[in-house]
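Dear colleague,

Please read them with the structure open beside you.

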Amino acid sequence: MKFELEARKRSVQGSGASRRLRREDRVPAIVYGGPAEPQMIDLDHNDLLINLRKEAFHSSILTLEIDGRPESVVLRDSQMHPWKPLVLHCDFQRVDTAHAIHQKVPLHFINEDVAPGVKLAGGKVSHALNEVDVTCLPQDLPEYIEVDLGALSAGHAIHVSELAYPAGVKPVLHGDDDPVVASIPARKGATEAEEGAGEASAS
């Protein structure tokens, strides 16, 4: 999915200037990274808010048209009003096709209802993560990573290293840490026969 946003350069900063921009339905933001200096910009509030509500916007390479000049970026942070649907500020980082990036990508879970630990053992899936940190070249960044729970039995878990990643995409792991993505805890009082049935179905 492609996202393009129009932006304009701004030279005035400070809380007063930011308040004036918001009264004009503009959002103050900054673009940083790469060899160029950080650039202060502002964007149309409603356009930005609509896009922020889309999952893929947070894990895609975005194109900012800054005064007509395209800039490839990823969204690094967005600040929202505590209770109003109001975007207060955004941070964007420049990217280029020759350098790998780190980005959090959402997880999409499938086949939960047919997992042996659910269907045969009566368990429930526990989701430990809803996104995973990956590294790849910008053009290889996926919108999401699919997690297939179809073979998961009671008392077992799926770890970050066990997910199926697209070509050129790798998980960011720290040392020997391999976090659990999802699991099906064994039910209290479940018989060994029930758990064995789930494992036999998964094999």
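V114 is found in the loop that runs between strand 7 (101-110) and helix 3 (116-119), where helices (H or I, at least four residues) and strands (E, at least two) are DSSP runs numbered from the N terminus. With a relative accessibility of 39%, V114 counts as partly exposed, given that buried means under 20% relative accessible area, exposed means over 50%, and partly exposed is what lies in between (1.4 Å probe, protein chains only). From V114 to P166 there are 52 residues along the chain, and the C-alpha atoms of the two are separated by 24 Å.

Before going further, please keep in mind that this is a predicted model, in which local features need pLDDT of at least 70 and side-chain atom pairs count only at pLDDT 80 or more, while totals for chains, interfaces and linings use all residues. Residues are numbered from 1 along each chain as its sequence is written, and side-chain values use heavy atoms, with hydrogens and water left out.

L48 sits in helix 2 (residues 45-52) and is buried, its relative accessible area being 0%; its C-alpha atom is separated by 32 Å from that of A164, which is 116 residues apart from L48 along the chain. V74 belongs to strand 5 and also counts as buried, at 0% relative accessibility, and here the C-alpha to C-alpha distance to P138 is 9.1 Å, although V74 and P138 are 64 residues apart in sequence.

Next come the charged side chains. Side chains of opposite charge can pair when their charged atoms come close. How many salt bridges does a search of the whole structure find? The search finds five, a salt bridge being a side-chain nitrogen of Lys or Arg within 4 Å of a carboxyl oxygen of Asp or Glu. One of them joins the side chains of R26 and D42, at 2.7 Å from N to O. Since R26 lies in strand 2 (residues 26-32) and D42 in strand 3, this pair ties together parts that are 16 residues apart in sequence. Both partners are buried, R26 with a relative accessible area of 16% and D42 with one of 2%.

E71 takes part in a salt bridge with R69, at 3.3 Å from N to O, and in another with R94, where the closest N and O atoms are 3.6 Å apart. E71 and R94 are both buried, the relative accessible area of E71 being 15%, whereas R69 counts as exposed at 54% relative accessibility.

On the surface, E6, D25, D44 and D47 gather in a patch of negative charge. Such patches are made of residues with over 30% relative accessible area and no salt bridge, and like charges are joined within 9 Å. Of these residues, D44 lies in strand 3 (residues 39-44) and counts as partly exposed, at 32% relative accessibility. D25 is placed in the loop between helix 1 (15-23) and strand 2, and is partly exposed with a relative accessible area of 43%.

The backbone at D25 also deserves a look: its phi is near 60°, a positive value in a residue other than glycine. D67 likewise has a positive phi, near 50°, and is a residue other than glycine. D67 is placed in the loop between strand 4 (62-66) and strand 5, and counts as exposed at 51% relative accessibility.

Finally, the cysteines. A disulfide is a covalent bond between the sulfur atoms of two cysteines. A search of the whole structure finds zero disulfides, with a disulfide taken as a pair of cysteine sulfur atoms within 2.5 Å. C90 is buried, with a relative accessible area of 0%, and C136 counts as buried at 3% relative accessibility.

Technical notes. Patch = residues over 30% accessible without salt bridge, like charges linked within 9 Å, V, L, I, M, F, W, Y side chains within 5 Å. Areas by Shrake-Rupley, 256 points an atom, 1.4 Å probe, with all protein chains shown as cover. Lys, Arg positive; Asp, Glu negative; His and termini not counted. Charge placed at Lys NZ, Arg CZ, Asp CG, Glu CD.
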